[in-house]
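Visitor: Hi, I'm new to this one and would like a walk through it. Could you put it up on the screen so that we can go through it piece by piece?

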Amino acid sequence: MLNAHPDRLCELKTALARRPRVSLIYLPTPLEFCPGLTRELRGPDIWIKRDDLTGLATGGNKSRMFEYVLGEAKAAGAETVVGGAAVQSNYCRQLAASCAKTGLECHLLLRRVRGKKDDEIQGGLLLDLLCGAKVQIVDVPDWVAQGESIRQYARKLQQQGRRVYVARVGDESRLGLYACAYAHAFAEIIEQAEAAKLKIDEMWVCSSDTTQGGLAIALKHIQSSIRLVGVPALAKPITPGYTFPECISAIGNECAEILALPTRLQPGDITSVLDYVGPGYGILTDAAREAMRMAGRSDAIILDPVYTSKTLAGLIDHIRRGRLRTGQKVLFLHTGGLPALFAYADTLGLQDLLIQ
Ligand SMILES: Cc1ncc(COP(=O)(O)O)c(C=O)c1O
């Protein structure tokens with residue numbers, strides 16, 4: 001095989017197949033060549049893995065994760081799921097859609113991060129409501145306090161006799177299970193690359209935790225030579241006192257434990273590039289705006305303002321600085337996030353493109 005050790009790949013797939021899982025999305029997602037971006041940047045061949053097309057309320061990386069997470073919830077007899085994150089959270093949107101599809105009742109406690117603007121029924125919030133989630137917008141200072149509110153809320157439902165499954169950020173203890181979905185995605189990519197006779201040199205993904213953790217443990221286990229580059233959308237990990245490589249390798253190792261695989265990651269196995277966050281989480285940079293426009297006009301790839309645009313901005317910068325060359329093959333993993341575009345419309349700078 002071009003990108004992996006075949007016995008190790010087989011071992012990984014067998015371990016994944018043992019996990020409880022519900023079917024929610026269209027897999028495999030496409031792996032496509034991007035002729036426009038490749039031409040425009042005059043560097044390596046750029047390919048894209050379309051996890052924005054998982055097909056669940058517009059798709060994204062969390063859809064894969066809920067196949068495993070709700071698989072476990074269903075197996076444990078849950079009938080109600082309680083979770084929450086920011087108002088425009090892609091995680092919550094895909095949780096609402098996954099619950100609708102599996103007949104689970106979904107309760108979301110969403111945190112305002114943009115003041116009154118977050119009350120607008122737009123983007124992810126609009127889709128949460130359409131998917132039947134019971135949504136409350138709460139004012140809590142940070143995600144730690146939000147986690148406590150979610151657990152309290154879940155306890156109330158439990159006291160009423162409901163069988164409740166607590167999701168993020170109420171329960172941050174199952175991150176290895178979320179990562180299993182991206183160990184699965186890595187195996188899928190390897191098989192698609194094999195079928196296309198594509199030897200991938202580098203893979204870029206927006207991640208600060210479970211996505212990269214799953215990819216990285218799978219990569220190491222199947223002895224792939226691909227260099228995995230993660231670009232977090234926030235400046236520091238949400239767990240204080242740790243670096244991204246420490247957090248991501250620990251999540252990958254939890255995934256290996258769940259799958260009973262002997263492979264373990266060290267922080268040194270993880271590459272996290274922190275140069276493209278800009279002023280902060282959810283605040284667009286000029287480079288991200290440029291990346292969004294370039295991907296749209298070159299290959300009709302629509303990026304989101306919070307995650308994927310900053311990651312492509314990083315890849316573009318590495319190509320322009322000559323670190324990646326013609327003849328090399330780079331895979332950009334599109335993790336979704338489309339609905340947030342509509343909620344962030346006024347920050348995209350698209351007014352300048354209108355012909356007056
Ligand atoms: C569109 C999108 N891309 C990337 C990520 C990063 O994923 P993680 O850091 O959980 O691996 C997220 C997380 O919410 C996301 O919504």
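Visitor: Let me start with a strand: how many bridges join β3 to β6?
Guide: Keeping in mind that this is a predicted model, strand β3, residues 80-83, is joined to β6 by three bridges, and the two strands run parallel. Within that pairing, valine 81 stands opposite tyrosine 165 in β6.

Visitor: And which sheet do they sit in, in what order?
Guide: They belong to an open sheet of four strands, which follow one another in the order β5-β4-β3-β6 with parallel pairing. The edges are taken by β5 (134-138) and β6 (164-166), each of which has a single partner strand, so one side of each is left without a neighbour in the sheet. On average, and with direction ignored, neighbouring strands of this sheet are turned by 15 degrees against each other.

Visitor: What about the sheet that has β10 in it, how is the pairing there?
Guide: That is an open sheet of six strands, with the order β1-β2-β10-β7-β8-β9, and its pairing is mixed. At its edges are β1 (31-33) and β9 (271-272), each pairing on one side only. Looking at one end of that order, β8, residues 227-230, is joined to β9 by two bridges, and these two strands run parallel. Glycine 230 has serine 272 in β9 as its bridge partner.

Visitor: Zooming out, what domains is the chain divided into?
Guide: The chain is divided into domain 1, made of 6-59 + 174-353, and domain 2, which covers 61-166. Their C-alpha centres lie 24 Å apart, and the contact between the two takes 31 residues from domain 1 and 29 residues from domain 2.

Visitor: On the domain 1 side, which helices supply that contact?
Guide: At least two residues each come from α7, α8 (210-221) and α12 (340-343) on the side of domain 1 that touches domain 2. Among the contributors, α7 gives the most, with seven residues. Sorted by class, that side of domain 1 has 17 nonpolar, 10 polar and four charged residues.

Visitor: Now the ligand: where does it lie relative to the domains, and why?
Guide: It lies between domain 1 and domain 2, because both of them give residues to the shell around the ligand. In total 17 residues surround the ligand, and the closest are Asn90, Ser207, Thr211, Thr335 and Gly337. The elements that give two or more residues to this shell are α4 (90-102) and α8, and α8 gives the most, with three residues.

Visitor: What classes of residue make up that shell?
Guide: The shell around the ligand has three nonpolar, 12 polar and two charged residues.

Visitor: Back to α7 for a moment, at what angle does it pack with α9?
Guide: Helix α7, residues 175-195, and helix α9, residues 244-258, pack at an angle of about 85 degrees, and their axes are 8 Å apart. An angle of 65 to 115 degrees counts as roughly perpendicular, so α7 is roughly perpendicular to α9.

Visitor: Which residues make that contact?
Guide: From α7 the contact uses Leu175, Gly176, Leu177, Ala179, Cys180 and Ala183, while α9 brings Ile251, Gly252, Glu254, Cys255, Glu257 and Ile258. By class, the residues of the contact of α7 with α9 divide into eight nonpolar, two polar and two charged.

Terms used: Residues numbered from 1 in each chain as written. Predicted model: local features only at pLDDT ≥ 70, side-chain atom pairs only at ≥ 80, totals over all residues. Axes fitted to C-alpha atoms, helices over the stretch in contact; angles between N-to-C directions. Parallel < 35°, antiparallel > 145°, perpendicular 65-115°, else oblique. Contact = placed C-beta atoms within 7 Å. Nonpolar A, V, L, I, M, F, W, Y, C, P; charged D, E, K, R; others polar. Domains from an automatic or database assignment. Pairing = 2+ DSSP bridges. Near = placed C-beta within 6 Å.
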